[in-house]
Amino acid sequence: MASNKFGQNGWTPERLGNLSGKTYLITGANSGTGFEASKILLSKGAEVVMLNRNEQRSNKAIADLKAELGADINVSFIKMDLSELSSVQNAVEEIKKKVPKIEALICNAAIAQVPKQVLTPDGFESHIGVNHYGHFVLCGSLFDSLDKSQGRIVVVGSEGYKMGIKTIQFDDMNWDKNYNPMKTYCHSKLAQIMFAYELQDRISSANKNVGVYVCHPGSSATSLIKNSGGLRDRIIFGLMSKTPLVQTAEKGAYPEILCATENKENLNPKAYYGPTGRLQWTGPVGECNLESFAQDKDIAKKLWEVSEKETNHTWNLI
Ligand SMILES: NC(=O)c1ccc[n+]([C@@H]2O[C@H](COP(=O)([O-])OP(=O)(O)OC[C@H]3O[C@@H](n4cnc5c(N)ncnc54)[C@H](OP(=O)(O)O)[C@@H]3O)[C@@H](O)[C@H]2O)c1
């Protein structure tokens with residue numbers, strides 16, 4: 001591994017300057033890394049618009065942030081359920097009215113290790129539906145606004161991308177035949193990562209002005225598995241969380257903030273940012289190793305075509 005561009009301790013929020021006047025959209029910001037990322041950005045004067053599915057949990061998160069940072073922080077939420085593409089479209093309309101300039105859209109929300117196959121209201125296997133298709137349509141529908149803003153898209157992946165089948169299961173995207181909670185989560189995270197690098201290439205070809213960066217939070221103590229995983233996985237992750245193999249949710253937020261805020265000159269678009277220590281689960285944040293199958297061009301192109309067809313959403317990238 002090359003030496004860390006951000007120093008021995010890696011990227012930390014100490015590198016952040018004043019962010020007032022900048023607006024960040026974060027999906028799934030009422031808990032975990034999304035909540036911690038919101039807190040750090042708000043503490044530097046940024047505006048944060050949370051894109052969350054649950055009103056009550058969002059109001060609680062906003063109240064907690066105000067209690068900690070002061071009542072005058074600029075935080076709000078727009079209701080958006082990534083499992084329903086109509087909800088994503090409604091949120092996009094509201095965002096367009098409310099946010100004139102987007103600094104970065106952080107695709108942070110996810111579900112993980114759902115014990116049994118669940119289909120979204122649009123008929124997609126829930127991991128691919130929420131984690132990939134929902135964000136695919138969100139990014140595509142906001143693309144013109146992001147381009148006008150010269151903004152960024154940050155895709156939050158997972159080291160899980162290499163713990164599954166290491167490709168996209170085009171002949172059964174819904175896992176009707178071989179559903180497996182872990183493999184299906186890993187499949188969706190690989191899809192998100194492949195989407196991001198393919199999007200970069202399409203942006204370059206279309207001469208557009210949106211930066212796309214990819215990161216992962218390592219292994220972080222959040223409610224991800226508790227919320228959507230089965231009992232066995234909840235117990236295993238609960239025990240693991242008490243060991244040095246798992247870091248705080250706050251540290252897990254650093255890679256996404258790095259990608260959303262760092263000077264473009266200091267960022268490598270083809271990189272994969274996250275903790276660089278043991279197993280890439282914890283440690284100083286910088287460029288991580290990425291296995292080559294995650295940048296397989298043929299698979300990525302096919303995934304793009306399948307995603308446009310399945311979601312009935314065509315990107316305006318000409
Ligand atoms: N924690 C880790 O060790 C780890 C490891 C690798 C990757 N990641 C990635 O890190 C990111 C953040 O996860 P986290 O660990 O912070 O988990 P988390 O605390 O469970 O946060 C996930 C967020 O996503 C939201 N969400 C779930 N389904 C949604 C939907 N249909 N529409 C809109 N929002 C939805 C959740 O909302 P609700 O509160 O309403 O459920 C929650 O706010 C994810 O992309 C995950 O894949 C985490």
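**Exercise 1. Work out how helices α6 and α10 pack, and which residues make the contact.**

Step 1: Find the two helices. α6 covers residues 181-205 and α10 covers residues 297-311; helices here are DSSP runs (H or I, at least four residues), numbered from the N terminus. Residue numbers start from 1 along each chain as its sequence is written. Keep in mind that this is a predicted model, where local features need pLDDT of at least 70, side-chain atom pairs count only at pLDDT 80 or more, and totals for chains, interfaces and linings use all residues.

Step 2: Get the geometry. The helices pack at about 100°, and their axes are 9 Å apart. They are therefore roughly perpendicular (65 to 115 degrees).

Step 3: List the contact (C-beta atoms, placed from the backbone, within 7 Å). α6 brings Ala 191, Met 194, Phe 195, Tyr 197 and Glu 198, while α10 brings Ile 299, Ala 300, Lys 301, Leu 303, Trp 304 and Ser 307.

**Exercise 2. Find the buried and exposed residues of helix α2.**

Step 1: Take residues 55-69. These 15 residues reach 21 Å from first C-alpha to last, close to the 21 Å expected at 1.5 Å a residue.

Step 2: Pick the buried ones (20 or more other C-beta atoms within 10 Å of the residue's own): Ser 58, Ala 61, Ile 62 and Leu 65. They fall within an arc of 95° seen down the axis of α2, so they line one face.

Step 3: Turn to the other side. Gln 56, Ala 63 and Ala 67 are exposed there (12 or fewer such atoms).

Step 4: See what the buried residues pack against: α1 (32-43), β2 (47-52) and β3 (74-79).

Notes: Expected span 1.5 Å × (residues − 1). Arc of directions from axis to C-beta. Contact = placed C-beta atoms within 7 Å. Axes fitted to C-alpha atoms, helices over the stretch in contact; angles between N-to-C directions. Parallel < 35°, antiparallel > 145°, perpendicular 65-115°, else oblique.
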